[in-house]
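Good morning, and thank you for coming.

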Amino acid sequence: MQFLTDADWRTPANEASVQAEALGPWRLPTVVELFALINHEVPNQANWLNEQGFVNVQSNSYWSSTSYAYCTSFAWFVYMVDGNVFADVKSNGHMYVWPVRSGHRPFGALVVEANGRFTDNGDGTITDNLTGLEWMKDAGDAARMNWQEAVDYTASLNKKEEAA
């Protein structure tokens, strides 16, 4: 897996020029997005993320939306203890789901420098100021589930928002 730098997330030349956009729909994160939450300087990712303002981040595995290229009945997941990335069969019902959506705020290294890595939006979400992604604050809200159930769960969140 390729390691990411803040430059990998910046699209505009001037990070402060990012225009506000509408929020995207809730979805499973890609393996790259999930891996971007990892802080390689700490021994337990779940503990660190909980200290950053998230709640119920489990010291366990979280599904990504990314299928394993050599066997599409498998998908990648991130283990939130050590941050390692693995693939497992999608029918495994022992993984957590952590919904994400594209944000609408400026992001990048300059934003992180000014505001810190994460911002609690006060509405049950937290923005990652490095990537611009908006994560559910409660990372353990959903029960463990298989991959398809995780996909369906995130779709149901969008239906609930549309109905509100």
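I begin with a definition: a polar contact is a pair of N or O atoms within 3.5 Å; within protein, one must be able to donate a hydrogen and the other to accept it, and residues adjacent in sequence count only if both atoms are side-chain atoms. In this structure, a polar atom of the side chain of N39 lies 2.9 Å from the backbone nitrogen of E41.

Some conventions come next. This is a predicted model, in which local features need pLDDT of at least 70 and side-chain atom pairs count only at pLDDT 80 or more, while totals for chains, interfaces and linings use all residues. Residues are numbered from 1 along each chain as its sequence is written, and side-chain values use heavy atoms, with hydrogens and water left out.

Let me now turn to the overall architecture. The protein has 4 helices and 7 strands; these are DSSP runs numbered from the N terminus, helices being H or I of at least four residues and strands E of at least two. Along the sequence, the pattern reads α-α-β-β-β-β-α-β-β-β-α. Of the 164 residues, 43% are buried, where buried means under 20% relative accessible area, exposed means over 50%, and partly exposed lies in between, with a 1.4 Å probe and protein chains only. The protein exposes about 8,300 Å², of which carbon and sulfur atoms supply 52%; the areas come from the Shrake-Rupley method with a 1.4 Å probe, and for residues only the protein chains shown count as cover. Among contacts between residues at least 6 apart in sequence, 64% join residues at least 24 apart, a contact meaning heavy atoms within 4.5 Å.

I move on to the sheets. Strands of a sheet pair through backbone hydrogen bonds, either parallel or antiparallel. Here, two strands are said to pair if DSSP finds at least two bridges between them.

How are the 3 strands of the open sheet β1-β2-β3 paired? The pairing is antiparallel. Its edge strands, each pairing on one side only, are β1 (61-67) and β3 (85-89). From one strand to the next, the twist averages 40°; axes are lines fitted to C-alpha atoms, for helices over the stretch in contact, and angles run from 0 to 180 degrees between N-to-C directions.

Within this sheet, β1 and β2 are joined by 4 bridges and form a hairpin with 6 residues between them. On this side, S61 stands opposite Y79 in β2. Strand β2 (residues 74-79) is joined to β3 by 5 bridges. Several facing pairs can be followed here: F74 stands opposite V89, W76 opposite A87, and F77 has F86 as its bridge partner. The hairpin of β2 and β3 has 5 residues between the strands, and G83 there takes a positive phi near 80°.

The other sheet to consider is also open, with 4 strands in the order β4-β7-β6-β5 and antiparallel pairing. At its edges are β4 (100-102) and β5 (118-120), each pairing on one side only. Its twist averages 25° from one strand to the next. Strand β6 (residues 125-128) is joined to β5 by 3 bridges, and D120 stands opposite I126 in β6.

Now to the interior. A nonpolar core is a set of buried Ala, Val, Leu, Ile, Met, Phe, Trp, Tyr and Cys residues joined through side-chain atoms within 4.5 Å. Which residues of the largest nonpolar core touch the most other members? Of its 35 residues, they are L49, M80 and W98. Two or more residues come from each of α1 (31-35), α2 (45-51), β1, β2, β7 (133-136) and α4 (147-163), and α4 gives the most, with 4 residues. Not counting residues up to four places away in sequence, L49 touches L37, F54, V57, M80, W98 and F118.

Finally, I return to the region of the opening definition. N39 sits in the loop between α1 and α2. Is N39 buried or exposed? N39 has a relative accessible area of 16%, so it counts as buried. Leaving aside neighbours within four places in sequence, N39 is in contact with Q45 and W48. By comparison, V32, in helix α1, is partly exposed because its relative accessibility is 36%. V32 and S65 are 33 residues apart in sequence, and their C-alpha atoms are 9.8 Å apart in space.
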